[in-house]
Amino acid sequence: MKLLRRIFPHPHLTFLLTLVWILLANKPSLNSLVFGLILGIIIPFITQPYWPDRPKLRNWPMVVEYMLVVLWDIVIANITVARIILFKRNADRQPNWVSIPLELRTPEAITVLAGTITMTPGTVSCDLSAQGHNLLVHCLDSPDPNAVRDQIKQRYERRLKEIFE
Amino acid sequence: MQLLFEILISFFLIVSGIFGFVGSFGMIKLKDPMSRLHAPTKATTLGVGGVLLASIFHSGLIEGQLSLHELLITLFLFLTAPITALFIAKWHIHRHEKPVDLPDAGEDELWATHAVEQVEDVPEHSAK
């Protein structure tokens, strides 16, 4: 068991790398599977010292739910933002900074949260506070910054907390 | 059936075209740099996503050969786009924003970009 852990320090990463390699080859064949596995074993093994305290994903159904929620929000937000850009006069638009106090402490979880905020149109994550306790977010049009903060905490942070912590 | 597939594929292509256009139009219409940063996020999500879905459907339904490496483009975009956006945003904060203009950073007092420099370093001409 210990030997297995030494050879496969990040089993999920091994799986992901193999999958990415097969997708890159774009034709499922034994060739690409074997070479993907070789890469999937070598890369986590070599990079292991650089990523010592990797977080454990605790809640796999929640990972799927999170991805679906984010995809849905991206579609909805795209439409909202398209309407703002096309039909709202610049003078009526209220761009705003929002500060979000973070409950997440895992660096990986904060990275995912910041990435999600940027990829959903209408909000861009801009900076972390000096010790990583707050996240600075810029909103394209937010008459009510508190609502944006609550929505991000409620929809994304709560789920990420269940996944990572 | 063929016609139905083609309508579906055209629908995704049109959606991606619209959002690609709105993304580029936003770059012209929005006047301040931070708001401009929002425009490309549309082009990279639904704009690219629509083309990729159309491509997947075209290869799967019309050519009869499933091709999924389009998903990787989405994966790599989701990994890289937030990082470039963060870099541009941090540059903007570094050169054009003073700590008093930003909201409260809570217990940490300063945002990370400002924490490494003295406030006086912000050049005069960039103050609004």
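**Exercise 1. What percentage of the contacts in chain B between residues at least 6 apart in sequence join residues at least 24 apart?**

Start with the term: two residues are in contact if their C-beta atoms, placed from the backbone, lie within 7 Å. Among the chain B contacts between residues at least 6 apart in sequence, 53% join residues at least 24 apart.

Before going on, note that this is a predicted model, where local features need pLDDT of at least 70, side-chain atom pairs count only at pLDDT 80 or more, and totals for chains, interfaces and linings use all residues. Residues are numbered from 1 along each chain as its sequence is written, while chains are lettered from A and ligands numbered from 1 in the order in which they are written.

**Exercise 2. Describe the secondary structure and dimensions of chain B.**

Step 1: helices (H or I, at least four residues) and strands (E, at least two) are DSSP runs, numbered from the N terminus. Chain B has five helices and zero strands, in the order α-α-α-α-α.

Step 2: along the principal axes, its C-alpha atoms fill a box of roughly 65 × 30 × 20 Å.

**Exercise 3. Work out which parts of chain B touch chain A.**

Step 1: chain B brings 41 residues to the contact and chain A brings 36 residues.

Step 2: on the chain B side, α1 (2–29), α2 (33–36), α3 (39–62), α4 (70–96) and α5 (112–115) each supply at least two residues. The most come from α4(B), with 10 residues.

**Exercise 4. Is B:Leu3 buried or exposed?**

Step 1: find B:Leu3 in helix α1 of chain B.

Step 2: a residue is buried if 20 or more other C-beta atoms lie within 10 Å of its own, exposed if 12 or fewer, and partly exposed in between. B:Leu3 counts as exposed because it has 7 C-beta neighbours inside 10 Å.
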